[in-house]
Amino acid sequence: MRVTLPLAVLLVGCPTGGDPDPDPTPAPDVCADSLPEGNLRVVATDFDGGTEGIAFSPDGRMFVTSGDLAVEEVLPDGSHVHIADVPLGVGVAWWGDRLAVAAFDSGLNNDLGGVWLVDVDAGTSELLVTGIQDANFPAVTPWGTLLVSDDTGTEDIYEVTEDGDATVWLTGIPSPNGIGFSADGAWAYVVTTFGQPAPAWRIPISDGAAGTPESMVEWGPGVAPDGLAVGASGAVYSAQNIAGRIDRVIPGDPHTWETVGEGATWAASNAFGVGESWDPCAQYITSLFGTDLFVMGVGEPAGTLWR
């Protein structure tokens, strides 16, 4: 499905008395050699039990959670290696100098639902906080903490500090999952996974506190919005799990959305490429029940990434 976006015209003027540069140097096109928008290909395969979370380190290393209850590093040649064990690891985010991994419990493993921290160089993991039963998606905030969604057990989004304190940051969003932020940190974006309709929300932020959520767009059955990433244009990209596609939401008045590309079977999480080995204007997409890891061109680089 495709929703037609409104066209906008931008008029640019010169300062009074000034002359335009007769030979302006164009800004480098960071997307010049990127995968064309909507094009999809497989980056890596042979993951046992699928993949869920995905994140890049600041120096351009890619990490995913895999179905064998572990964090793996995906190398540029498509191979992948075991980094550390994490019980029921789901979403991941690079936080400070380590990888934060949300662990999904549902009462199955001695209430270990919460957040683990992984030292990717040492290959070690440690439990930071418990009590978030169905922790799913972590996102580093503009003020340095971690937001963690609980997508099945509650309607809560938790805030976690580096000291391991966890408090409810916001409640009232049904089945919250993927989280991201606007470039100025004034808005948080969240998608609902298990709900009909399934909205994409924006939440005003003031001094780190959440305001009242506003629904931007809504999806119907057979979609299941899961992961989320924000582009440099301010567009919000959602990995649509059941539909196997990436949708782009344009915040504005009115908010609109369009499908960027399809074929990413069981799309779970999406992240822009970071570093020299990965495409900066494409999103790397995990597959919850599949064996492949995908990349899809989206035509723009990432927005602000907090770590």
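Mentor: Let's start with a term we will need: a salt bridge is a side-chain nitrogen of Lys or Arg within 4 Å of a carboxyl oxygen of Asp or Glu. Keep in mind that this is a predicted model.

Trainee: Thanks! How far apart are N and O where the side chains of E258 and R248 meet?

Mentor: E258 belongs to strand β22 (residues 256-262) and R248 to strand β21, ten residues apart. Both E258 and R248 are buried. Their side chains meet in a salt bridge, with an N to O distance of 2.5 Å.

Trainee: Which residue is linked with R248 and E258 in a network of salt bridges?

Mentor: A search of the whole structure gives seven salt bridges. R248 and E258 belong to a network of such bridges, and the residue linked with them is E37.

Trainee: Which parts of the chain does the salt bridge of D121 with R61 tie together, and how many residues apart are they?

Mentor: The closest N and O atoms of D121 and R61 are 2.9 Å apart. D121 is exposed at 65% relative accessibility, whereas R61 is partly exposed at 23%. D121 lies in the loop between β8 and β9 and R61 in the loop between β2 and β3, so the pair ties together parts whose separation in sequence is 60 residues.

Trainee: Which residue in β4 is the bridge partner of V64?

Mentor: β3 has antiparallel pairing with β2 (residues 51-56) over four bridges, and there V64 is the partner of I54. Five bridges also join β3 to strand β4 (residues 70-74), again antiparallel. In β4, the bridge partner of V64 is E72.

Trainee: In the hairpin of β2 and β3, which residue takes a positive phi?

Mentor: This hairpin has five residues between its strands. A positive phi near 90 degrees is taken there by G60.

Trainee: And in the hairpin of β12 and β13, which residue in the turn has a positive phi?

Mentor: β12 and strand β13 (residues 166-171) run antiparallel and are joined by five bridges, with D156 partnered by T171 in β13. On β12 itself, D156, Y158 and V160 point one way and I157 and E159 the other, and all are buried. The hairpin has five residues between the strands, and the one with a positive phi of about 90 degrees is G164.

Trainee: Which strands stand at the edges of the open sheet of four strands?

Mentor: The order is β6-β7-β8-β9, with antiparallel pairing. Each edge strand has a single partner, so one side of it is left without a neighbour in the sheet; these strands are β6 (89-95) and β9 (124-130).

Trainee: Which residue in β8 stands opposite V101?

Mentor: Strand β7 (residues 98-103) and strand β8 (residues 114-119) pair in the antiparallel sense over five bridges. Opposite V101 stands W116.

Trainee: Last one: is N241 buried or exposed?

Mentor: Both N241 and I242 are found in the loop between β20 and β21. N241 has contacts beyond its sequence neighbours, among them V223, W266 and L288. Its relative accessible area is 6%, so N241 is buried.

Key:
Residues are numbered from 1 along each chain as its sequence is written. This is a predicted model: local features need pLDDT of at least 70, side-chain atom pairs count only at pLDDT 80 or more; totals for chains, interfaces and linings use all residues. Side-chain values use heavy atoms; hydrogens and water are left out. Two strands pair if DSSP finds at least two bridges between them. Helices (H or I, at least four residues) and strands (E, at least two) are DSSP runs, numbered from the N terminus. Buried means under 20% relative accessible area, exposed over 50%, partly exposed in between (1.4 Å probe, protein chains only). Contact means heavy atoms within 4.5 Å. Lists of a residue's contacts leave out its neighbours within four places in sequence.
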